[in-house]
Amino acid sequence: MLDLKDLEFEELADYLKSIGEPGYRAKQIFSWLCRGVSSYDEMTNISAKTREKLQRETYISTLKIREKHVSKLDGTIKYLFELPDGNCIESVIMRYIHGVTVCVSSQAGCRMGCRFCASTIGGLYRGLTAGEILNQVIFAQKDIGERIGNVVLMGIGEPLDNYDNVLTFLHNVNNENGLNIGYRHITLSTCGVAPRIYELAEERLPITLTVSLHAPNDKIRNEIMPVNHIYNIGELLKACRAYYKAAGRRISFEYSLIAGVNDSPECARELAALVRDIHGHVNLIPVNPVEEREYRSGSRREAERFCKILADNGINATIRRTLGADISASCGQLRKKVL
Ligand code: SAH
């Protein structure tokens, strides 16, 4: 059976034509799917005959809310969604002045092995389908009853390790007949799968690319991010430059400050020299302690000093505000608990 949300809008239109439906049907059905209906019977402007035809070959996937945690501090919401096969993923709703943002997962688990990250502890179970990624936006929006205006692919998983499904998701979440979220309101975060960064550049989607750098040199990055053994910093930054050139979009770098590992003033100077010619923004994030890991963040003052060194060296940098601190809103922690 086919999940209609795994098809790109154009493929859906082709499929519907192939079963004898008129051209406008795709818009109607896609719009219903993006509103989070769970059965064809809810599609009140579609004839019973057509609904029956659809039911024979296709189904409408849904996500079950298994847990929902609302932060008392800032209204951040963390969902533990259950997939049809019993697997769980996490999505987070964050409220900023410029609107509601959802952080979605791209895989159930992750095989990238970053030492400080909870999502990778049990390894990769499987990549999510395009429909499963889209459903996180659809069902979070349905649950809060407010329009979601921004999407970040920063949940569980490495989006560029599930490239084709993520690309289908990007096209569908942007499609004007459904959620209609502009590419400029979408951010994709990667740990640095360099060949896929070149591929993504070729798509020329005006999304924001964020690269999880976390270290100013290969020695430190090799220690905390195994992916660096395959694509080192030199190769990664080369791919970033190509992306900037092709897509015309500035790149952001994520840098989790880990006490005694990558947070010295010397690291800050080295980092500044490394990213200067890319004109990217550096997001500093005090590392979130994960139970199984020994990493801790330093003091606020040390983070500010690190940030100031970057600024003094001409780098645009900010320390990320923490949201949802009371509900372990950073990803991977809830899923791990229920597994
Ligand atoms: N796989 C993608 C996206 C998922 S993680 C990537 O690596 O970019 C989103 C961000 O959170 C990444 O920058 C990741 O490195 C960071 N992160 C993971 N665990 C963290 C922790 N314990 N503390 C702070 N940041 C963390």
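Q: How many residues of domain 1 are in contact with domain 2?
A: Contact means that heavy atoms lie within 4.5 Å. By that rule, 13 residues of domain 1 are in contact with 16 residues of domain 2. This is a predicted model, in which local features need pLDDT of at least 70 and side-chain atom pairs count only at pLDDT 80 or more, while totals for chains, interfaces and linings use all residues. Residues are numbered from 1 along each chain as its sequence is written, and side-chain values use heavy atoms, with hydrogens and water left out.

Q: What area do domain 1 and domain 2 bury between them?
A: The size of an interface is often given as the accessible area lost when the parts come together. Buried area is the accessible area (1.4 Å probe) that two parts lose on being put together, summed over both. For domain 1 and domain 2 it is about 1200 Å², with 51% on carbon and sulfur atoms. On the side of domain 1, K5, E8 and C34 lose the most area, together 43% of what that side buries.

Q: How many residue pairs are in polar contact across the interface of domain 1 and domain 2?
A: A polar contact is a pair of N or O atoms within 3.5 Å; within protein, one must be able to donate a hydrogen and the other to accept it, and residues adjacent in sequence count only if both atoms are side-chain atoms. Eight residue pairs meet this rule across the interface, both residues at pLDDT 80 or more.

Q: How many salt bridges does the rule count?
A: A salt bridge is a side-chain nitrogen of Lys or Arg within 4 Å of a carboxyl oxygen of Asp or Glu. The count comes to 17, yet between domain 1 and domain 2 it is zero. One of the salt bridges joins the side chains of D85 and R126, at 2.8 Å from N to O.

Q: Which residues come nearest to the ligand?
A: A residue is near a molecule if one of its heavy atoms lies within 4 Å of it. Of the 17 residues around the ligand, F116, S189, S212, H214 and N288 come nearest. A polar backbone atom of F116 is 2.9 Å from a nitrogen atom of the ligand, and a backbone N or O atom of N288 lies 2.8 Å from a ligand nitrogen atom. An N or O atom in the side chain of H214 is 2.6 Å from an oxygen atom of the ligand.
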